[in-house]
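Here is a short tour for anyone meeting this structure for the first time. Have a look at it, then read on.

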Amino acid sequence: MAYEYERYDDRRDPKWALPGDVRDNWNNPTIATFFADVMTPGLSQEEIDMGRSIFEGAFESMLAGMQMPPELEAAGEWAEYWAPGCVEEPDAPEVRLHVRIPKGKAEGKRPCIMYYFAAGMAGKPEYFDVEIAQYSADLGAVVIAPHYRVHPENKQPAQLNDLHAAYQWALDHADELNIDPDCIVLSGYSIGAMMALGLAFRLKRYGITPRGLSLVAPPVDDMASGPSSRISYFSENLGCESREITWHSFFGSTRVALPALSPEIVPNHCTVDELKGFPPVFMHIFESDPNRDEDIDFCSKLLAANVFCGFKLWAGTNHATFYSGPMYELKAKFYSEVESDIKTLIEKDCRRPWNV
């Protein structure tokens with residue numbers, strides 16, 4: 001399916017940004033610039049591999065300034081594990097797990113954060129080591145970041161199955177890692193946040209309710225129905241064009257915008273009734289992001305289902321505002337608020353088991 005946009009809502013002009021640091025960094029290079037090099041339908045495997053190499057080189061350059069402070073590096077240890085493939089996919093491969101374990105003796109079981117990185121067609125958890133290590137140190141948590149399969153070679157639910165396998169591994173190895181199996185928070189940005197929602201729907205089938213979800217700008221719907229779905233940066237940032245080719249790459253072109261697709265794959269395909277008993281959710285939404293309206297709609301469904309839900313709309317921001325360019329005051333505030341959300345979910349059980 002190709003979407004027919006009556007007109008594009010061009011947001012490339014920095015006038016749309018919050019004045020100050022956000023406006024000064026509005027057009028910083030973002031990874032969305034390289035989406036078409038990997039995800040355009042019809043590319044050969046050689047072209048995909050070349051595009052992925054360019055993407056990963058650009059990603060590493062973008063993150064080059066985010067050096068791990070020595071004191072943060074010393075606060076924990078890195079470990080690598082392999083989880084058996086998902087029970088719902090008989091031939092599923094093992095899943096590599098990038099794990100951060102705090103140093104020092106814990107008072108009781110530690111909380112666990114499942115960290116799902118963004119993009120999905122390239123990259124690896126190690127790109128986000130600073131963020132992972134910060135969560136682990138500040139919250140005393142074991143952080144598990146699955147290295148899920150890439151698209152377009154692997155379509156959903158392959159990636160969801162990898163996340164499911166990683167969650168089950170955490171349950172099976174809770175004693176080994178000193179994890180509280182009843183205090184596992186799912187977290188993610190962009191595609192990673194969307195898959196966190198999908199996993200919550202999947203686990204609901206198994207009678208499992210995670211402690212909660214901390215989400216940033218998830219693309220929850222492939223129907224492109226809200227006004228924000230027309231927001232465009234003409235490949236310079238995540239706009240409607242980049243989002244559309246992501247759907248085709250992630251789901252397969254014949255499955256895009258099919259209402260029959262499960263909420264495990266496209267979360268906003270759910271009904272309010274299907275959200276009864278859903279885990280608590282904190283979500284951050286960006287004004288000039290094509291995902292904006294569908295994210296608000298999903299949160300409205302959560303509230304209608306009486307699910308614990310808090311969300312914040314960051315005015316004058318776009319999908320990559322806090323994930324590109326240098327650190328500045330508002331960006332630091334954003335990261336602090338996301339961490340505060342996770343802290344709340346860890347310290348306070350906000351689940352509503354009576355609401356089913």
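## Where two helices cross

Keep in mind that this is a predicted model. Let's begin with a pair of helices: α6 passes α8 in a right-handed crossing. Helix α6 covers residues 158-172 and helix α8 covers residues 191-205. They pack at an angle of about 65°, and their axes are 10 Å apart.

Which residues do the touching? On the α6 side you'll find Gln159, Leu160, Asn161, Leu163, His164 and Tyr167, and on the α8 side they meet Met195, Gly198, Leu199, Arg202 and Leu203. Sorted by class, this contact has 6 nonpolar, 4 polar and 1 charged residues.

## The sheet

Now for the strands. Eight of them form an open sheet with mixed pairing, and the order is β2-β3-β5-β4-β6-β7-β9-β10. The edges are β2 (76-83) and β10 (309-318), each of which pairs on one side only. On average, neighbouring strands of this sheet are turned by 20° against each other, direction ignored.

Helix α10, residues 292-304, packs on the sheet and touches β9 and β10. The direction of α10 makes about 150° with that of β9.

## Strand by strand

Start at the β2 end. β2 and β3 are antiparallel and share 8 bridges, with Tyr81 having Leu97 in β3 as its bridge partner. β3 also pairs with β5, again in the antiparallel sense, over 5 bridges; here His98 stands opposite Ala145 in β5. In β3 (residues 95-102), 7 of the 8 residues are buried, so this strand is largely enclosed by the rest of the structure.

Strand β4 (residues 110-116) is another one tucked inside: 7 of its 7 residues are buried, so the rest of the structure largely encloses it. β4 runs parallel to β5, joined by 3 bridges, and Ile113 has Val143 as its bridge partner in β5. β4 pairs with β6 as well, in the parallel sense over 6 bridges, and Met114 stands opposite Leu186 in β6. Further along, β7 (residues 212-216) and β9 (residues 281-288) pair in the parallel sense over 4 bridges, with Val216 standing opposite His284 in β9.

## The nonpolar core

How many residues does the largest nonpolar core have? The count is 107, and the residues with the most contacts inside this core are Phe55, Met114, Ile144 and Leu186. Helix α8 gives the most to the core, with 10 residues.

Leaving aside its neighbours within four places in sequence, Ile144 is in contact with Leu97, His98, Val99, Cys112, Ile113, Met114, Tyr115, Trp169, Ala170 and Ile179. Two of these names came up with the strands: Leu97 is the β3 bridge partner of Tyr81, and Met114 stands opposite Leu186 in β6.

Most peptide bonds are trans, and most residues other than glycine have a negative phi. Where do the cis bonds turn up here? One joins His151 and Pro152, with omega about 10°, and another joins Gln156 and Pro157, with omega about 15°. Pro152 sits in the loop between β5 (142-147) and α6, and Pro157 lies in the loop between β5 and α6 too.

As for phi, Asn178 has a positive value near 60°. Asn178 is found in the loop between α7 (174-177) and β6 (179-189), and is partly exposed, with a relative accessible area of 27%. Asn306 also has a positive phi, near 65°, and lies in the loop between α10 and β10. At 44% relative accessibility, Asn306 counts as partly exposed.

## A histidine in a loop

Is His269 buried or exposed? His269 lies in the loop between α9 (240-251) and β9. Its relative accessible area is 16%, so His269 counts as buried, the cut-off being under 20%.

And what does His269 touch? Its contacts, apart from neighbours within four places in sequence, are Asp221, Asp222, Met223, Leu258, Pro259, Leu261, Pro263 and Glu274.

Notes. Residues numbered from 1 in each chain as written. Predicted model: local features only at pLDDT ≥ 70, side-chain atom pairs only at ≥ 80, totals over all residues. Heavy atoms only, no water. Pairing = 2+ DSSP bridges. Axes fitted to C-alpha atoms, helices over the stretch in contact; angles between N-to-C directions. Contact = heavy atoms within 4.5 Å. Left-handed = near helix turned anticlockwise from the far one by under 90°. Nonpolar A, V, L, I, M, F, W, Y, C, P; charged D, E, K, R; others polar. Core = buried A, V, L, I, M, F, W, Y, C linked by side-chain atoms within 4.5 Å. Buried < 20%, exposed > 50% of the residue type's maximum accessible area, 1.4 Å probe, protein only.
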